[in-house]
Amino acid sequence: RIPLPLGVASNQIAMGLRWRDQWVFAAGVERPLGRLILRVGYSYGRTPITPEGASPFLGATTEHHLSGGCSVNFASGTLNAAIEHAFPRRVTGAPSSDWHLSRALIFEEQGVRPAYFSFSRSTKVWTLSLGWQTRL
């Protein structure tokens, strides 16, 4: 349950996300070398999270991704391996966001004072994938 600034506790977050649509552009190449197959790829998608919709509860979504991988074919199946790096991306909450405005004032016995609340979130990811593929 989340205590709201001007009301009773709630199990819902009172906040507009204000996310935007996202287009993702990706390109990759694959090069077979006998039993070995090499792959490399890149993708970009502008984060759907706007500064007005940023929240301390949600991480930033990454935008630039670079990946590389390989496969080795065996008689019984294929071993696949890949590594991906999602480059760091930081989103800073806007002073006009619902999250900021709902926490802009602190009510105390001595009176009301500004909270000076601000936040930013950053995300970066390294991913390693291994898999075995076989025919059924």
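Buried means under 20% relative accessible area, exposed means over 50%, and partly exposed is what lies in between, with a 1.4 Å probe and protein chains only. By that rule, 22% of the 136 residues of the protein chain count as buried.

A word on the source. This is a predicted model, where local features need pLDDT of at least 70 and side-chain atom pairs count only at pLDDT 80 or more, while totals for chains, interfaces and linings use all residues. Residues are numbered from 1 along each chain as its sequence is written, and side-chain values use heavy atoms, with hydrogens and water left out.

Now the layout. The protein chain has one helix and seven strands. These are DSSP runs numbered from the N terminus, with helices being H or I of at least four residues and strands being E of at least two. Read from the N terminus, the order is β-β-β-β-α-β-β-β.

Next, the salt bridges. The term stands for a side-chain nitrogen of Lys or Arg within 4 Å of a carboxyl oxygen of Asp or Glu. How many salt bridges does a search of the whole structure find? There are two. In one of them, Glu30 pairs with Arg39, and the closest N and O atoms are 2.9 Å apart. Arg39 is partly exposed, at a relative accessible area of 33%. In the other, the side chains of Glu63 and Arg89 meet at 3.1 Å, N to O. Glu63 sits in the loop between β2 (36–45) and β3 (64–74) and Arg89 in strand β4 (residues 77–92), so this pair ties together parts that are 26 residues apart in sequence. Glu63 is buried, with a relative accessible area of 11%, whereas Arg89 is partly exposed at 25%.

The loop between β2 and β3 also holds Glu52. Glu52 is partly exposed, at 32% relative accessibility.

On a 1 Å grid over the protein atoms alone, a cavity is a set of points where a 1.4 Å probe fits but cannot get out, and lining residues have an atom within 4 Å of a point. Grid points are joined across faces, edges and corners, and the volume is the space filled by probe spheres set on the points. The whole structure has one cavity of 30 Å³ or more, and the largest cavity holds about 40 Å³ of space. Which residues line the largest cavity? They are Ile49, Ala54, Ser55, Leu58, Gly59, Ala60, Val91 and Arg121. That lining divides into five nonpolar, two polar and one charged. Here Ala, Val, Leu, Ile, Met, Phe, Trp, Tyr, Cys and Pro count as nonpolar, Asp, Glu, Lys and Arg as charged, and the others, Gly among them, as polar.

On the surface, Val29, Val40, Tyr42, Leu66 and Phe87 form a nonpolar patch with about 430 Å² of accessible area together. Such a patch takes residues with over 30% relative accessible area and no salt bridge, joining nonpolar side chains (Val, Leu, Ile, Met, Phe, Trp, Tyr) within 5 Å; like charges are joined within 9 Å. Areas come from the Shrake-Rupley method with a 1.4 Å probe, and for residues only the protein chains shown count as cover. Val29 belongs to strand β1 (residues 24–33) and is exposed, at 55%.

Finally, Gln133 is in strand β7 (residues 120–133). Its C-alpha lies 5.0 Å from that of Thr78, 55 residues away along the chain.

Key: 1 Å grid on protein atoms, 1.4 Å probe; cavity = no way out; pocket = protein on both sides within 12 Å on 5 of 7 lines; lining within 4 Å.
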